[in-house]
Amino acid sequence: MYVGVDYYPEHWPEERWRIDIALMREAGFNIVRLAEFTWYRLEPSEGQYELQWLEQVVDLFEENDIAVVLGTPTAVVPLWAARKYPEIMSTDRDGHRTEYGVRKDTCYNSRVFNLMSDRIVERLTAHLGEHRNVVGWQVDNEFAGPKCYCVHCLSAFQHWLQEKYGSVVALNEAWGLHFWSHNINDWEEVRFPNALWSNNPGQHLDHCRFHSDVNVRYQRRQVETIRKNSPGRFVTHNFMGFAPELDYFDLAEDLDFVSWDNYPNFGDVRGTIRSDGDLDLEPRIRASAAADLMRGAKARSFWIMEQTAGPTGWGEFGRNVWPSELRNIAFQQVAHGCDGMLWFRWRTSTAGREQYWHGLLGHDGEPGRRYQEARTTALELTGACSGIVDSDVLAEVAIVFDYDSRWAFEAQPAYSGCDYVQSVLRYYEGFYRRGINVHFISSRAEFSKYRVVVASHLYVLPDETASRLNEFVKTGGVLLADCRTGVKDETSLCHARTLPGLLADSLGIRIDEYESLEDSFIYDVRATRGHKTYSAGLYSDWIRCEDATSLYRYTTPHVGDFAVLTINRYGDGRAFYLGTIIREDAFYDELAARLLTAARLPVPKVLPNGVQVRTRCTAAHLYTFYVNHLNREVEVDLAHGRDIITDEAVGGTASLGPLGVVIVENERNGEGDDDDE
Amino acid sequence: MYVGVDYYPEHWPEERWRIDIALMREAGFNIVRLAEFTWYRLEPSEGQYELQWLEQVVDLFEENDIAVVLGTPTAVVPLWAARKYPEIMSTDRDGHRTEYGVRKDTCYNSRVFNLMSDRIVERLTAHLGEHRNVVGWQVDNEFAGPKCYCVHCLSAFQHWLQEKYGSVVALNEAWGLHFWSHNINDWEEVRFPNALWSNNPGQHLDHCRFHSDVNVRYQRRQVETIRKNSPGRFVTHNFMGFAPELDYFDLAEDLDFVSWDNYPNFGDVRGTIRSDGDLDLEPRIRASAAADLMRGAKARSFWIMEQTAGPTGWGEFGRNVWPSELRNIAFQQVAHGCDGMLWFRWRTSTAGREQYWHGLLGHDGEPGRRYQEARTTALELTGACSGIVDSDVLAEVAIVFDYDSRWAFEAQPAYSGCDYVQSVLRYYEGFYRRGINVHFISSRAEFSKYRVVVASHLYVLPDETASRLNEFVKTGGVLLADCRTGVKDETSLCHARTLPGLLADSLGIRIDEYESLEDSFIYDVRATRGHKTYSAGLYSDWIRCEDATSLYRYTTPHVGDFAVLTINRYGDGRAFYLGTIIREDAFYDELAARLLTAARLPVPKVLPNGVQVRTRCTAAHLYTFYVNHLNREVEVDLAHGRDIITDEAVGGTASLGPLGVVIVENERNGEGDDDDE
Amino acid sequence: MYVGVDYYPEHWPEERWRIDIALMREAGFNIVRLAEFTWYRLEPSEGQYELQWLEQVVDLFEENDIAVVLGTPTAVVPLWAARKYPEIMSTDRDGHRTEYGVRKDTCYNSRVFNLMSDRIVERLTAHLGEHRNVVGWQVDNEFAGPKCYCVHCLSAFQHWLQEKYGSVVALNEAWGLHFWSHNINDWEEVRFPNALWSNNPGQHLDHCRFHSDVNVRYQRRQVETIRKNSPGRFVTHNFMGFAPELDYFDLAEDLDFVSWDNYPNFGDVRGTIRSDGDLDLEPRIRASAAADLMRGAKARSFWIMEQTAGPTGWGEFGRNVWPSELRNIAFQQVAHGCDGMLWFRWRTSTAGREQYWHGLLGHDGEPGRRYQEARTTALELTGACSGIVDSDVLAEVAIVFDYDSRWAFEAQPAYSGCDYVQSVLRYYEGFYRRGINVHFISSRAEFSKYRVVVASHLYVLPDETASRLNEFVKTGGVLLADCRTGVKDETSLCHARTLPGLLADSLGIRIDEYESLEDSFIYDVRATRGHKTYSAGLYSDWIRCEDATSLYRYTTPHVGDFAVLTINRYGDGRAFYLGTIIREDAFYDELAARLLTAARLPVPKVLPNGVQVRTRCTAAHLYTFYVNHLNREVEVDLAHGRDIITDEAVGGTASLGPLGVVIVENERNGEGDDDDE
């Protein structure tokens, strides 16, 4: 397995290079990423190229048996270029050209920028593409945004629409411009959407798609150059988990595999401590789901191109990785299909915006506790755990992740706090807490590969997709849909149909009315059979069962006629619908069990709090990962087998240390013995 | 009575029109509003007019005995016009021209826009003005803003000031430009005010007045064209309750009557549920007061041009109308003098910004529960309740509503959370909870028509108005004034007098000092006689009684010498002054009783929580409305008489259903029997 | 002692002047400030000067034995000038030129503005500079900002950098522009920093320094003109306490003494009441510390040029000064070294932005309670207390106040809520509550004058300063440093050293890791000896003692190895280090005692809540001030001696009235008797 760090030789005096490389080798590292912010160093003035120093660094690593991934340096254009060709800088929504001084601030529709970018990528790949020690490439860095609103981009948007819709009449129809009589007579009348809560949902959605396409096309230009000049090397890009800007299924298409940057402690997460003294598990569940999405984007295992190495942040930074946490964060990703990992970064920069985005080493360059823990982890990963590389992550349960729906909600959240990712995660967590592997799939994926498909908040639902979901149920699948699923067609017009639209076939329900609710307001909910009660809020579909059976109902009088959760037998399958947001986690645990049962799958028990269980497998072996995300010991029931890290036999009730990890190896098909409820 | 809907035939295929109209007729509807957003449909390119389709729609309604109100379509200019004549779009405070794509975004001082607007209004009114089925006109849509800051508007503002002040010397004086030596030498040096918390209060106030005048003048242009081309039809405009931008007394002047758009569930109001499980009554009290202001703007009954039909909102929407609520909202307005009502809108749009501003029908076009409830309501209004149309709303109590004061507070709220409308509503609610009819009047109105006049926060108080208020008291009236009343003259300079200025004559007090207080801070207050105590906050006048008598005093030591509430006998009347904000509602109930008693009016009991009582009357009959604003049964004492809806005799203790309504008819002068405390 | 008011004769009719002056004289006032906003009045159109009216006012005051301080009127340029020479107005960060209408909005790098400013200052000082009744000058008004981003300023910034760094290579190095390869090839490529959380910390810091320098240089131009035309008069400027924009040590350099504007009740402070009913002491402690900084800026006594006279604020104003509070606020400043005081302002303006920044008199011009209280205070200050003028404020404890560190934190607060002033005040308050005099000093000051030096959050620490701190300890001083001290060098690059860098010599500790913590998160802390426990939060250094001794440790397991508070003997002194933020005030009281003890100074008891004690002294006498900041009586132990206000003997337990003041005079060296714990 490839394990290493992101390294910036250009930040340190040459005499330090050998010290750093010796320490890396000592830590068992076998790979580094280099050069993704070095455009100025490679081309200090226009047309003057300096590639020798980088070649020298690649050579030096080769001498030390450490392979190199090179980043193309296009994420930061040199200042001389921005001064000489101002039009290469992006323009914000108010028409102001971005000032030089950050990164990711160029216009991908600027012909000049594309020419400059082509030239540096050509030079770099031509010079080092066939170097023996270069094993792969990272294109640019963290594609996302910002959206550019310059005249070139406007013109590109107009052409993109023209290509898509063919005629102005079709565009007026697709965007529903008859409303408030905003009709367009001419392509040049098309403007950018003019607010986040868009006046025109279709315009907003198409602009999001356009922006994603622009990035995908820009990446493709570079991929083609790399493949030409550097045959046999892998090409990847560092994605950002649940970042909202780009359709990652599209972005992954031209790459060999997906890499991503994992910073679970970044952002508001500093102490991440709940009032009961335990670590907050939310960031870890999110990192788990993000890994599943990253694997799903290409439907294969992935790399971590930047892994948390210390406190992260810019002006304010966050919590340090606590003892064992750096290892815990690393192994969680391996459990999800990570087959290569580089810590970001080697040594904390003394300069620039990221002075406090800490590396394994501090500003002082001394190998300390974090270095030692990374070393331990690297030696385990490249040693005892090396058999896991290229193993599969199999799943019977799929969650649809749909960027169209996500973008459409940006313009119209419908209810307070509506968040597409969170909506999906509510169901994800029900499976997570039972240790069930889950795949994230596109709405264009083949549903029949799975036994259970969750289509939460699938807001934009073209008829073709709805038909495929119905067909999935008819042929034996188990579907869960929920509120706001199926409201829109592919142009973000509302379907002129009673909800849930075409899905009524499989769901067997009818929703004439619905409403959003004040944050603090609760409708009471009770099981149709038995006495379980829950609290519903934020949003409510007023559901009438036609063919379906109601599993939960409202008990608040004026909505007392309506169902909350329904099940319907359709063909050989079952289709569930949940018409509100339930507050209690236990409901989603129960729902996961219902879905698994309906799909005739085993229903594992809910795991002890803080413990995550996931599996990977090869043809011969099953690897069950037990990861403790709490900073204290927890009891857990281990599968019987061999702990590959300690090489000891384990099984039955055992104790997992604070933030500890066990990986149990079994012969294939031996799993599941103690999984029944 | 006219009851119907706002209809957008241009949103739906022609073949749907007959289905919609049949359903409307079935519901008892007899009016629709059409065409207020159809400029592009009427003039798809410059000078090319298409009026035939609209005439066909008007004909179709005529065939079905449904009358038509036509809206002039000037609230949304066509995109081709904005592209061809960019100067017609308004300019924001930062000098950016508004981008096309919303509505109400043109410049009313643009000569080009005025010419274009004249032309389309001329064409439309010439073509359909004398159509038999057109009974009236709505000018444009929801005049308000935004304020435009273009060069044409600056020049217009300079001329407006020149006309008003005559000389630069007078303007320097009026705005007090000697402060910080901001003096003007030349009219062209006048700029727009440059912040909300204006550096110059006079400049801010005059700019608000100017903006209001610009709208009034623009409306007048259209009214004149309509009256010329469409004789005998009414002309109205849809106002927006407590919207702050325009002086509605001025805007009403050129119209036959006021209409308004009533959305009590819009905005933050979603579940509108209080912690005790009851519906929050605040939005309903506000809708009640807004109706009184709308009636007051023209001192006559009004229409609802857009009435709540379902969940409302843009990106986020709100609560559905619950069972009986659509009818409850409608009847509340009738109680206040509504004589015509149109629900907004017929069917929910599948396109555009208002996809979630729901109509009676959903996106699916099916007549459901909301349609049925509207039908019931319409049949009651046009049937059993038809005798109420044109009846009067009489009142002995008037509340002054003054746009000058409201605008002046925008620049200088004085204390945290100071809100002019809320200040006025505190007193309003005291009367509301006792079922007392109230009129809202301008500060220019004839006070002597009333027994009680409330002048709350009458911040801008010209000497002439102060004298008229003193005269009102002297000749027997009962006046209530409160803190911040009388601080400013008509140019927003502070009166160089000890507060309360000229009103000291009638109030008999002197205020040497005053202060604003931190939100959480409380002064304790106690009755001079008896033991009642209250909590005062936010603001405190340090009042000394000269001729007046103190009814409440502070008990906090360092303000212990000062009065809180005073009464003074002046001539034949009484003048009260309240120098702080009391937290408890009960204080305002008590104060209403004191004012009524001082005016020798009966003092009805405080009504059960949630129940609203109002009266309308004809020469022969008194109609007493009982409206339950809670979603559960309440007990109420009904007047003895005939419930005109059920045509049954009622009287004494009775139960009002959830959100229910009773209208008791009596012979005139039979009222008041059980109104004494 | 000079006591008086800020007076604006230009706001009032000439016939009022004599009334005002008679009232001032009656109140014992002997000084007024005039003219600082009169540019238009002095030059109503270009080149037309009108100085006669001002001379007449100065004469009138002379006749009444009231001296005059004149303000140069450059803080508000006339409107005609802004219209004629638009480039004199400053430009905001987005490139918009500031609109005329406020103040302090001109560009100090504009050649035109400088010429105009020179001309009016020359005219005014030439005309009145030698008037017998003019005793001093205030330059301009409240220098601070805003920062101007026009082309002239950009060019000036580039030249300032060129002068400082000499070569582009040196600038690339200093700002660490290799990070993200932002390197500069040419001086003209330098731009302004482009966000508050700067992409480049060095660029941000240099820009703050540049802005401060620009103000200092602009002031110097005026000082030179005044000194030429008005020999023998003092020159001062009105500072603003803890205002962040300028290095006040630099700004003070060209002045004779510092004045400042003291508004403790301004801002969020309205009722300033805590839940227990007492006044909030925070604003008074801050006013106390601000006074110490103002005295420290020039290391000599200061004036209050604007003293709180009533409610303050613009659109919203605050609490009135309560009975005795105006006097309390005044005497607090005298205790800190105030030797001249003018209340702002005489009479409340009826016009302009400051209609509610209340003076001693209200809008009505009547002498009321506030006037009477100011009169009492003025008579005490000019009578019984006159011996205090020019007495010293001596201190053994110094707190370093460093603008470089403060500015660097703006770009990188490191932890949530990090506020440089608050960080410094935590230690200040420990001394405050024991009645210890404290000096604020620059990091360039001579440390050896003190026994204790507190260097809190001394983030930017050049090696030379670190060496001087080590030397201070070595030669017997007591040093306290804390977290984030010593992170940066003078260019805001991180030191590439293990923390605490060079200070490790004196501190005897090593910090390999550190972290910021979520607001609500707590690490438990316990004394190494004894059982005292505290709560640590926000930030944590993981401290290992090398030579130092741990006084407090963490008890939370995973940081259990690390020290919280350490002490180290180094040479003849002691060095303490605190690696976190302790929540409890008591900790800082204890720490102050530890520092005093280590310095072999007496340790006075913690004072009763609300009481402040400070001393001033002359060669012969010690004056001990006891100031009660609560609005109720408190018990206090008075030193034995003469209360100079009442001229009575006092001593031992006594009661201080609400907001009351006692000043005890002793023969020098009689202090300290009851100061031991």
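Select Leu479(A) to begin: beyond its neighbours within four places in sequence, Leu479(A) is in contact with Val453(A), Ala455(A), Leu469(A), Phe472(A), Val473(A), Ser506(A), Gly573(A), Ala575(A) and Phe576(A). Contact here means that the C-beta atoms of two residues, placed from the backbone, lie within 7 Å. This is a predicted model, in which local features need pLDDT of at least 70 and side-chain atom pairs count only at pLDDT 80 or more, while totals for chains, interfaces and linings use all residues. Residues are numbered from 1 along each chain as its sequence is written, and chains are lettered from A and ligands numbered from 1 in the order in which they are written.

With Leu479(A), they touch the most other members of the largest nonpolar core, which has 649 residues. A nonpolar core is a set of buried Ala, Val, Leu, Ile, Met, Phe, Trp, Tyr and Cys residues joined through C-beta atoms within 7 Å. A residue is buried if 20 or more other C-beta atoms lie within 10 Å of its own, exposed if 12 or fewer, and partly exposed in between, with C-beta atoms placed from the backbone. In soluble globular proteins, nonpolar side chains tend to be buried together.

Stay in chain A and select Pro500(A). The peptide bond between Leu499(A) and Pro500(A) is cis, with omega about 0 degrees. Pro500(A) sits in the loop between strand S13 (478-482) and helix H16 (504-507) of chain A. Helices (H or I, at least four residues) and strands (E, at least two) are DSSP runs, numbered from the N terminus. In chain B, Leu499(B) and Pro500(B) are also joined by a cis bond, with omega near 5 degrees.

Next, colour chain A by domain. Domain 1 covers 2-78 + 96-104 + 113-144 + 232-388, domain 2 covers 397-598 and domain 3 covers 611-667; such bounds come from an automatic or database domain assignment. The C-alpha centres of domain 2 and domain 3 of chain A are 34 Å apart.

Move to chain B and show its strands. An open sheet of nine strands, with parallel pairing, runs in the order S5-S4-S3-S2-S1-S9-S8-S7-S6. Strand S5 (234-236) and strand S6 (238-239) of chain B each have a single partner strand, so these edge strands have one side without a neighbour in the sheet. Strands pair if DSSP finds at least two bridges between them. Within the sheet, strand S8 (residues 302-308) and strand S9 (residues 338-344) of chain B are parallel, over five bridges. Select Trp303(B) to find its bridge partner in S9(B), Gly340(B).

Further along chain B, select strand S23 (residues 634-643) and strand S24 (residues 648-656), which pair in the antiparallel sense over eight bridges. Asp643(B) is opposite Glu648(B) in S24(B). The hairpin has four residues between the strands, and Asp647(B) in it takes a positive phi near 60 degrees. S23(B) also pairs with strand S25 (residues 661-667) of chain B, antiparallel over two bridges, where Asp643(B) stands opposite Val664(B).

Then pick Leu538(B), in strand S16 (residues 533-545) of chain B. Its phi is near 70 degrees, a positive value in a residue other than glycine. Leu538(B) counts as buried because 22 other C-beta atoms lie within 10 Å.

Turn to chain C and select helix H11 (residues 325-335), where 11 of the 11 residues are buried. Among them are Glu325(C), Arg327(C) and Phe331(C). Just after H11(C), Gly337(C) has a positive phi of about 115 degrees. Ser324(C), in the loop between strand S8 (302-308) and H11 of chain C, has a positive phi of about 75 degrees although it is not a glycine. Ser324(C) counts as partly exposed because it has 19 C-beta neighbours inside 10 Å.

Select Ser386(C), in the loop between helix H12 (369-382) and strand S10 (397-400) of chain C. Is Ser386(C) buried or exposed? Ser386(C) counts as exposed because it has 11 C-beta neighbours inside 10 Å.

Finally, show chains A and C together. The contact takes 37 residues from chain C and 48 residues from chain A. On the side of chain C, strand S14 (residues 509-516) supplies the largest share, four residues.
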